[in-house]
Amino acid sequence: NEQLKKATECKPIDYPKPDGVLTFDRLSSVFLANLAHEENQPDHLVLKNPQVMIDVNYKEYASPETRYCPAGVYEIVEENGSPRLQINATNCVHCKTCDTKDPTQNITWICPEGAS
Ligand code: SF4
């Protein structure tokens, strides 16, 4: 996380679209991981301060969690004209990247409920 650059210091990378043969979109790959979570299990991705995800991550780093998470867990959605971070925790593949890569160490990954 200490090496993460602010959005103003970076150029967007134009990745080719997945071809469905050798490369696949993230959610198709999450499906193949065959993980199962109870929809109502306790949160295992905890934000120390939810507002930091907009004030710092969104405004200064263009929400890096929406790119580095391999499972598409983090999404920015517009709500009444304002950005809001949505966490799709049931997609998580438990790589723990968000716990280490978040610029302000605001995301805490904790061991999820068992049986997955
Ligand atoms: S641990 Fe974090 S980065 Fe990894 S899949 Fe889960 S939410 Fe995404």
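**Reading the salt bridges**

Reply: The side chains of lysine 6 and glutamate 60 meet in a salt bridge, at 3.0 Å from N to O, the term meaning a side-chain nitrogen of Lys or Arg within 4 Å of a carboxyl oxygen of Asp or Glu. Lysine 6 lies in the segment before helix 1 (26–33) and glutamate 60 in helix 2 (residues 52–61), so the pair ties together parts that are 54 residues apart in sequence; helices here are DSSP runs (H or I, at least four residues), numbered from the N terminus. This is a predicted model, in which local features need pLDDT of at least 70 and side-chain atom pairs count only at pLDDT 80 or more, while totals for chains, interfaces and linings use all residues. Residues are numbered from 1 along each chain as its sequence is written, and side-chain values use heavy atoms, with hydrogens and water left out.

Me: How many salt bridges does a search of the whole structure find?

Reply: The search finds 3. Another joins aspartate 55 to lysine 59 at 3.9 Å, N to O, and both of these residues lie in helix 2, 4 residues apart, about one turn of the helix. Arginine 84 and glutamate 79 also meet through their side chains, at 2.9 Å from N to O.

Me: Is lysine 59 buried or exposed?

Reply: Lysine 59 is exposed, with a relative accessible area of 59%, whereas aspartate 55 is partly exposed at 36% (buried means under 20% relative accessible area, exposed over 50%, partly exposed in between, with a 1.4 Å probe and protein chains only). Arginine 84 counts as partly exposed at 31%, and glutamate 79 is partly exposed at 40%.

Terms used: Helix = DSSP H or I, 4+ residues; strand = E, 2+ residues; numbered from the N terminus.
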